[in-house]
Every structure is written in C-alpha cells, then in structure tokens.
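Let's walk through this one together, a question at a time. Have the model open and follow along.

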Protein chains: 2
Amino acid sequence: MHTLDKLRHTIPALRISTEQSDLAHYGRDWTRRWTPAPLAIVFPADTAEVQALVQWARATGTPLVPSGGRTGLSGGAVAANGEVVVSLERMNRILAFDPVDRTLTVQAGATLQSVQDAAGKQGLSYPVDFASRGSCTIGGTIATNAGGIRVIRHGNTREWIAGLTLVAGTGEVMRLNRGLIKNSSGYDLRHLVIGSEGTLGIVTEAIVRLGAPLPASKVVLLALPSFDAVMAAFVEVRGALGLQAFEFFSGDALRHVVAHGAQDPFAEMHPAYALVEVDSIDDAEETEMLAVLERCLERGVASDIVVAGSDAQVAALWRLRESITESIAARTPYKNDIAVRVSALPAFLAEAEALLAAGYPTFEVIWFGHIGDGNLHISILRPEDLAPDAFVAHCEHATDMLADVLARHDGSISAEHGIGLVKKPWLARMRGEAEMVRLRGIRETFDPDGILNPGKVFD
Amino acid sequence: MHTLDKLRHTIPALRISTEQSDLAHYGRDWTRRWTPAPLAIVFPADTAEVQALVQWARATGTPLVPSGGRTGLSGGAVAANGEVVVSLERMNRILAFDPVDRTLTVQAGATLQSVQDAAGKQGLSYPVDFASRGSCTIGGTIATNAGGIRVIRHGNTREWIAGLTLVAGTGEVMRLNRGLIKNSSGYDLRHLVIGSEGTLGIVTEAIVRLGAPLPASKVVLLALPSFDAVMAAFVEVRGALGLQAFEFFSGDALRHVVAHGAQDPFAEMHPAYALVEVDSIDDAEETEMLAVLERCLERGVASDIVVAGSDAQVAALWRLRESITESIAARTPYKNDIAVRVSALPAFLAEAEALLAAGYPTFEVIWFGHIGDGNLHISILRPEDLAPDAFVAHCEHATDMLADVLARHDGSISAEHGIGLVKKPWLARMRGEAEMVRLRGIRETFDPDGILNPGKVFD
C-alpha cells in the first residue's frame, strides 16, 4: 500500500492534502532558498490525532515537519525532502482563561495576535510581541523561544510558558510543568522543548502566563551620530526611565523604509536611529523623560529627537522600525541574527563592519536590532549582478568569518530566529563538541527514530 | 594504593580532609535523617581542580556529592555511602561586575547574601531571597532552582541565571549560555542544569543578572478568619497593588513562633495570617493600600490588620514568618513542600487537611507558604511518644496519600526544596513514566558512569 493510503487507513478522520498549491505553500517558510517538496500536508484536529500521526510516522519511518505560521527566517519549517508537513492551523483555539492563575490555555496553532487579544479582553497582556504577530503561531514562538521588541522589559517566550503538551518523537504525550509557578521536581523538560525547533516533539497546547497591561508610554525616535552614540543613549535612558523597548536601525535601513513609502520624520539623514518606548504614567515621568532627552542633545549623544504626540504618530514611528524587513524583501537579503552580551556589542560591531567592508565591499549591509538584548540583525542585500546561488555562497563565507568573531566574543549565531537549516553549519562552532554530544543524546532520548524535523538544527 | 592516596597523587594541590568532625559536618544537610558517612571532604580552589577531580572520580568509579551551604531540606547534599563530598566553600568569590550587562560573575560557593550585597553595592539588586540567605550558596540555589519570598514578583532562580560554568559528569567543562539575553541556538542546557541537584555536573561559576533595587514598600500583617479568606485577600491585594511578597501562615505556626520568643502583634489568635509587602513609592500608592485594607476589613475578608510603621516593625513582622522553621526545628518536623496552580490551592488544601485529620488525628500539622506561587509547606511535628523511625514511616505513608491528591490536582511533590533523597519515592508518580525515561536518558548523557550524586532525585 502507498504510504499515504496507509495513513488514511490508520487515521481515517485526518485531513490530508496533496494539492500542488498546498505542497508549495506549506512546504516553505519566509526563507526562499529551498524548493518545497513535501509528500503531503496533514491538518490534525487535536492532540490525539497528532499522537496517532507520530506513532504512524515511527512505524513507517516517515519524516514529519511541524508547521506553525511559517514566518520563520531560518528554514526550520521547510519541507524539501518528501516529508509530511504537520500543520497546526486547525488547532488554533483559545481553550481556557483562569483569572486566579492569570493564564490562558491555548492550542499551538493560535496566532500570537489572537493570544494577545484574548489576554487584552481579560484586562491583562501577553507581552511577547513582534512584527509577524498576525501570522506566526504560539507553537512557532515556542519552537524558537521567540524574542521580539519587548524582551528588554518582559524577557523571551520562555519566561511566559507555564506548561506545554508535547507529543514526543516516541509518540508519547507529556504534559510538561502543567501550569505550575514553582516546580523543583527533576529536570525541567519544558525549558528543553522551548527553542528545540520541533526536533524533540510536536507542541500541541500551551499554558501561557499573562501579565498586567503595559503601562502608558511615550515613543521617541532619536537620530544619532554613530553606533557608539546608540550605546551611550541606551545607558543614559535605561538609567533614568522605565524602558519598554529600545530598537536600533541604521541610516541605510531608514533609507530603504522611506523608499518603500514611509515619511522620514527628520529634515536630514543620520547614521543611526533609536526607537525608544518608555513608561510615562504621570507628569513626573514625562518631565524626567524630557530632561533625559535634553541631556542627550546637549551632550551630542543625540543629533535630533522626535517625540510622538498622538497614537497615529506612535504607529508611524513604530512602522519605520517594523517595515525594515518588508522594505528590503525584494532584494532577497541574506540574514544574520546574532547575539552577544550588550557590553560586547560595540567591539563586535566594529570588527564585523570592518570584516564585511574589507571582504565584501560591494555588499550593501543593513543593520538593525534590539540593542538592549545584545541582538543585531545583519541583512546583506544581493547585488543585482550576482546570481542567487553565488550570492548565498558569498554570504555563507562571510558568515563563516563572522562566526569566528562571534566565538571570540562569546556570542550566538542565532538570537531569536533559530538554527533551522540556515545556521546549521555554525552551531557546533558556537556550542563546542562537549555540548553537541549532549544535544545529540537528548534528541535521541526524545526521538530515537529521528522522524521529527530531520536535518534541522544539527545532524 | 588506597583511593585517597591515588587522589592526593593525581591532584597534589587539592585540599582534602578526613577529620571525623568534617565528615560529620559536610556529610549532611538540614535534614537529619541520614547518618553522614563520606569517605572524605575535598575543597577545590578553582574549576580546573573540580575538573581534575571529576576525571579522577570517573577513572576510579568514586561517587561525588557536590556541596554548597547544605541548608537543603531534601537530602540532596547528604553523603551517607562513602562518597567524596566536593565542598565549593573555598570558591566563594565575586569575580566581576559588568555595569552595561548588569551582571555579576560569581563562584558557585558564594553565599546568596554575598551576591545580594555585591549587587546592592552597585545600586542594583539580586532579588532571589529567603531565610537561609547567609548560609546557602548560589550554587545550591541553582541546584534546586530556589524560590523563596520574592517569586511572586521576580520569579525563581532560573530567571536570573544568564550563564553557568559546568563540569559535567564526563569531566568536560562547558560554559553554558555565556551571559547572553537571547540565544536561540540549540537546546538550552543551562535550564536543564538549573534544578538538576548536582546529578548532571558540578556548577563552578555563574553569571547572574541583576535588577533595579526593589521599590519602597509597606509591610502589612493581615489576621484572617480562614484559608478561603487568605485567597480572597490575595486576589483583592494583587488586583490593586504592586505585590512584592504575599506569605501565608496558620494560627498554629504563629503560636510556635510566639512560644519561641516572638511578640504576637494582635490581641487575640486567628486561624490564619498573611504577611503582605506592597509597593509604596508615593502618597497615592499608600492611599490606595489603605483603601484596599479598609475594604478587606469591611467585607470580613480580614479580621484585623497591622501596618508596620518603622524599619524595626518591618523586621519584626518578617521575623514572624521567617522564624517558623526554627521555632519548630526541635520537634524534628517531617516537611512537605508542595505546589499546585494557585487556583487549585483551596481544593487541594481542603482535601489534604481532611486526609491528614482522618488518617493522622494525633499529628500536629503546621501550614505556611507562598500563596501567590501555589506553594505550601506542610510540616508534621513528631508526637513525643512516637519514635523517630516510626514517625518517618507514618509521614511517608501520609505523603503517599498526599501524592495522590497532588496528582489529581496536577501538582508537584517539590516546589522549591528539590527531590534529593526525601521526595524520591514520589517523583515518578508526579512525572509519569514517559518523562522518567527522558530524565534517565539525559542523566546518562551527562554522567554516563553515574558518579555525580548517585541515588539522588531518581535511580
């Protein structure tokens, strides 16, 4: 019997598609490097169907690719080798809210936006946030331990997950940590699964913690003369104000956003910008903010400043930052997503810039990122006269040299996008052989037959 | 050659003691159930000596027991079977402070108090806190993912550890996460080690994150008519005020503390008390606090209230809570340290009380704990006419029934003390066989020869 016939026979109720358009759509993520070639797409309705599916995959040796909103940037959800893609999109419900625990129980296919909205309806917040909120799923954010624009105040996804339902690669269902705040009872497998990119099991449900609503804030855009000034502004602002976000982008990044249709709020271009959101609950906090901004101008830390005076202006300033990715998408950029300690950023940036300028003088490099988290996004734009394959080869060589700089600075090759396929060549250099042996041992323990997302993260 | 002669020969500089008083002192923790019987106590001076020691232990098959301040309550640091105890007490230095990263790099043997003090000197705070702060070590708090009195605001130890240096059971040294805020690059082994009670490796150094100083606060003691009133007060206070701590203890607990020399701040006894610490930065917050307390009295949620008016009164109120353990120590209590979701506390408590009252009517049971974290400490005092061994046997039988109630409520047999030897019989019932297989696989991956803390947590 054909593999899929066996699957239909084993789980009669399972929705399965082999439509060409579905294979193309569900076989790729926001990377565009691999040609989608899945065997089929399946759409389980509940944890029991996922479990039956994994048991079938084990029995038949069929590789599975767990799939959320496929907004990933590292190829973690790509299916290019005859895998069965397990789309969680039908499992998108908010199952329960508990007002005492302040938690939501949600299915893994719920979008980040729907979780944020459900929290808001209860007068609370789910503070993990980033631009793809409308498309990405909570399961996908768990798979990569997603960061985003509020990490500086609220931490990564990891901090907000109180429980996970996991169908392990063995086909067993585990309810990890079950919503507890304190639990010192053996190794915390929940934290092992968060950030594992679908290689240990398929997350089908999560219990997420909710926080108080974000306090009233002011949004400010600082124009800055240099990257060193960005760091100086960060230390100045953090020391005096309650930071909700501190995002950096280069003058080149703003240039692309403006070319894409946005309005430059300043009269002239500047080398760097910082989008800053700070608590502003009362007059005292607003006065303090203005004093800090005044000091930044007086000392030459900032060259110019815009304070958003209305919700529309807040949205417009945030759009400058959030549309960078879209504004350069047509140039099929090669993306790096590195992290170092915040204190190591200036030295790392200087070395990385020098390296790219010397080795790749024709590359246009767009810098932006989350300064307060030590996270820089480095997007290399393809010169029009360079073929895509040759471009990727050049970029991988550049990343190779960047990885050495990172290793010297105790950095990470992926801050928040994950390793997937894109960063796999450099994982071992970052983690070292002793850690790699443990990663392989752990994967073997959860997925002895290697059916879950094979070829992703590490071999 | 005798085992220790080989060790002296292999690591000539290593400080070793076989003094009877040292064997007795370093062979036990705050549990008093096991007779210490280590082979020797060693005091390494640095990570290199720990590494050499683990390599020697592997080569000779010698079991090691990592040892911090030995304030543990679950027997995790007990050495009763000829083990070599590895005391980290000489490795107690604060190595570095980084003002941009807001981190301290510390050796694992530094006391919690010394880390808090070092943070305070920099105008920052290390907010993990509990009564044994002067004796427990940062390494010990990592081993159990220690909680304490500030979890409700600041989370567990886990949230504050940005990096760990680990000597794994294989003898390899790993620098996990290296101080990064964001790092989505393969499984997070740091979080696996936190809470592993010395069974995966020996933590020799940590990079701890620091926070802003705690805001100015008011401390209030509420006298309450019932446990249900404690829950009602919790929801009321949390909804309106910034909570820094919300600690519960029973009337019986206060009776012991008063018998131990403390002053009862109320004119009469009450069934329950809540020690509450809330933000009180300005007049508006103080007014709001008084309004909340007024509402609690009017609605009968609280029977009486004391607001501390001076630092001395703050200390006196906190002493009521923090000296419970000491006040009952002479009765060699059998301790349970359970957690359920906060919403499940009333049902769990009612069932647990009924179970203990029916099965063990002669037992005196002292209840206290961290309501906002779903964490209750249940201390059973030994009746004077019951021999210690018989008492423990009775308590273990009671715990066995309690474990069934816990399992029904998705609870945990240890919230913050760890499993060690004391709670080992119930771990599998809480975690289930599928998780236990993964725990064993992970242990095997880090410590293939089983030389690290053998017999602790699980077999």
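**Strands, a histidine and an interface**

Keep in mind that this is a predicted model. A:A96 sits opposite A:T105 of β6(A).

Q: Over how many bridges do β5(A) and β6(A) pair?
A: The two strands run in the antiparallel sense, with β6(A) covering residues 103–107. Within them, A:A96 faces A:T105. The number of bridges pairing β5(A) with β6(A) is four.

Q: Which strands stand at the edges of the open sheet in chain A?
A: The sheet has five strands with antiparallel pairing, in the order β5-β6-β9-β7-β8. An edge strand here has a single partner, so one side of it is left without a neighbour in the sheet.

Q: At about what angle does helix α3 of chain A run to β7(A)?
A: Helix α3 takes in residues 47–60 of chain A. It lies across β7 (161–168), β8 and β9 (201–209) of that chain. Its angle to β7(A) is about 40 degrees.

Q: Is B:H370 buried or exposed?
A: B:H370 belongs to strand β15 of chain B, residues 364–370. Its relative accessible area is 2%. Buried means under 20%, so the call for B:H370 is buried.

Q: With which side chain does the side chain of B:H370 make a polar contact?
A: Leaving out residues up to four places away in sequence, B:H370 touches several residues, including B:F246, B:E247, B:R321 and B:E416. The polar contact between side chains comes in at 2.6 Å. The partner is B:E247.

Q: Which residue of chain A does B:H370 touch?
A: The contacts of B:H370 include B:G148, B:I149, B:N375 and B:H377 from chain B. The list also has a residue from chain A, and that residue is among those in chain A that lose the most area to chain B. It's A:K182.

Q: About how much area do chain A and chain B bury between them?
A: The contact involves 73 residues of chain A and 73 residues of chain B. Of the buried area, 52% is on carbon and sulfur atoms. In chain A, A:K182, A:Y187 and A:R438 together make up 17% of what that side buries. The area buried between the chains is about 6,000 Å².

Q: How many disulfides does a search of the whole structure find?
A: A:C296 counts as buried at 1% relative accessibility, and B:C296 is buried with a relative accessible area of 1%. As for disulfides, the search over all chains comes back with zero.

Methods. Residues numbered from 1 in each chain as written. Chains lettered and ligands numbered in written order. Predicted model: local features only at pLDDT ≥ 70, side-chain atom pairs only at ≥ 80, totals over all residues. Heavy atoms only, no water. Buried < 20%, exposed > 50% of the residue type's maximum accessible area, 1.4 Å probe, protein only. Polar contact = N/O pair within 3.5 Å; in protein donor to acceptor, adjacent residues only side chain to side chain. Contact = heavy atoms within 4.5 Å. Disulfide = S-S within 2.5 Å. Pairing = 2+ DSSP bridges. Axes fitted to C-alpha atoms, helices over the stretch in contact; angles between N-to-C directions. Buried area = accessible area lost by both parts, 1.4 Å probe.
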